[in-house]
Amino acid sequence: MQAATPCDLKFRSTNLTASTARAINLKSKRVNVQCGYRSEPFSFRNGVSVSRADWQSSCAILSSKVASVEDPSGLADKIAVVNGHENGSVDLSLVPVETSNRKLSHVQPLTITDLSPAPLHGSNLRVAYQGVPGAYSEAAAGKAYPNCEAIPCDQFDVAFQAVELWIADRAVLPVENSLGGSIHRNYDLLLRHRLHIVGEVQIPVHHCLLALPGVRTDCVSRVISHPQALAQTERSLDNLTPRAAREAFHDTAAAAEYIAANSLRDTAAVASARAAELYNLQILADGIQDDKGNVTRFLMLAREPIIPRTDRPFKTSIVFAAQERKGTSVLFKVLSAFAFRNISLTKIESRPHHNRPLRVVGDGSFGTAKNFEYMFYVDFEASMAETRAQNALSEVQEYTSFLRVLGSYPMDMTPWSMSPTEDA
């Protein structure tokens, strides 16, 4: 058996700037992007976002204390901006347009072009994902945006930056797996970057054991794959390759590519059937995941938010921090704001507050006890176009020092199937 040869398959580093991003050839079939900068924190005047995208993402939540029906003419003065808010009223400083000494331009009539149907969903879109061709993230990108051009990225934050720098139109990234749980790295990146969630997609994870053509299962002395993939196939690997060592790799499809590039006849990979097709490997065993209900949920991200609607099931994602010295007891009040309005929560995730990691507990009479301070991510089943969702967030705003709407987007309502072709 041939010994393994170390091989570094990472993408070539390229420094991305605004000028180089514009010079990218948009016709290329594969673009390898690398981190070029670190996202800087944003600051707003009086808690109000200063760009159009940030203003849209605030979703213009009406205060629950204002009856908009009674005074529809004063709507602009009663809007409470949520993203990065400071409790209190917000002065929008609207300036009327002077038209006394100016000739107004005529309104242009509609043309047939304005009435032409929109392009097919996902066509001509460039969608960034983490991994290499054959990864499950590539399959999620294809399901979310059929006929798109998928752009592989070597890291999660590179996919975020590819959209921010206009190299890609969308990003599709995993946030949770039914067996492995939440992918915390992407939750942190959602808060660090200013992209908006515009959709979700769920795909079943169908693992295969791959090796070079002609290699038998009893000849495999090493199995490589992503740590979660190895954990999700542990019992199957015990039966198929009981004497093989298992080594972690940064990506399932990259493990398959590594074997093919180095002609490793003593090594197998746990990856998708599409990876076997792309890298000319044979499938030693199909469907080796220990749990047949293994599913990963992906989020679709864009530079601009979408307009919430009520004609189909929607989901809204938010992140918030409790007011200072209020502690996690605020969490009960926040959850009550949704429960009283019959809004179902589908997800709640806590992450340590990076800027304020510890909170002093008590009055100091018995020392200085400290607890972790947390940011809370919540998904709930309601559209921001619904009054109940607006009123719920208006109440949540009273208990929090920071509240941001990450996105209000359609739920994944595609028919469910555990067919192995779902990930191909």
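The model is a predicted one.

**Salt bridges**

The structure holds 17 salt bridges. Three of them are set out below.

| Pair | N to O distance | Sequence separation |
|---|---|---|
| Glu 200 and Arg 297 | 2.7 Å | 97 residues |
| Glu 247 and Arg 222 | 3.1 Å | 25 residues |
| Arg 303 and Asp 169 | 4.0 Å | 134 residues |

Side chains of opposite charge can pair when their charged atoms come close.

Take Glu 200 and Arg 297. Their closest N and O atoms are 2.7 Å apart. Glu 200 is in strand β7 (residues 196–204) and Arg 297 is in strand β13, so this pair links distant parts of the chain. Both residues are buried.

Arg 303 has two contacts to note. Its side chain meets that of Asp 169 in a salt bridge. Arg 303 sits in the loop between β13 (295–302) and β14 (314–322). Asp 169 sits in the loop between α5 (156–164) and β5 (170–177). The charged end of Arg 303 also lies over the ring of Trp 166, 3.6 Å from the ring centre. Is Arg 303 buried or exposed? Its relative accessibility is 18%, so it counts as buried, the cut-off being under 20%. Asp 169, at 22%, counts as partly exposed.

Strand β9 spans residues 222–225. In a regular strand the side chains alternate between the two faces of the sheet. Here, Arg 222 and Ile 224 point one way, while Val 223 and Ser 225 point the other. All four are buried.

Which strands pair with β9? One is β10 (residues 245–248), parallel to β9 over 4 bridges. Another is β11 (residues 267–271), also parallel, joined by 3 bridges. Ile 224 stands opposite Glu 247 in β10. Ile 224 also stands opposite Ala 269 in β11.

Arg 222 is buried at 12% relative accessibility. Glu 247 is partly exposed at 35%.

The whole structure contains 5 aromatic pairs. One is Tyr 187 with Tyr 377, an edge-to-face pair with 5.1 Å centre to centre and 70° between the planes. Tyr 187 lies in helix α6 (residues 184–192) and Tyr 377 in strand β18 (residues 374–380), so the pair ties together parts that are 190 residues apart in sequence. Both tyrosines are buried.

Phe 249 and Tyr 258 make a tilted pair, with 5.2 Å between centres and 45° between planes. Phe 249 is buried at 17% relative accessible area. Tyr 258 is buried too, at 8%.

Three further rings, those of Phe 320, Tyr 374 and Phe 376, form one aromatic cluster.

**A nonpolar surface patch**

Leu 335, Leu 345 and Ile 348 form a nonpolar patch on the surface. Together they have about 210 Å² of accessible area. Leu 335 belongs to helix α11 (residues 330–339). Leu 335 is partly exposed, with a relative accessible area of 31%.

How values were computed: Residues numbered from 1 in each chain as written. Predicted model: local features only at pLDDT ≥ 70, side-chain atom pairs only at ≥ 80, totals over all residues. Heavy atoms only, no water. Patch = residues over 30% accessible without salt bridge, like charges linked within 9 Å, V, L, I, M, F, W, Y side chains within 5 Å. Areas by Shrake-Rupley, 256 points an atom, 1.4 Å probe, with all protein chains shown as cover. Helix = DSSP H or I, 4+ residues; strand = E, 2+ residues; numbered from the N terminus. Buried < 20%, exposed > 50% of the residue type's maximum accessible area, 1.4 Å probe, protein only. Phe/Tyr/Trp six-rings, centres within 6.5 Å; stacked < 30°, edge-to-face > 60°. Lys NZ or Arg CZ within 6 Å of the ring centre and 35° of its normal. Pairing = 2+ DSSP bridges.
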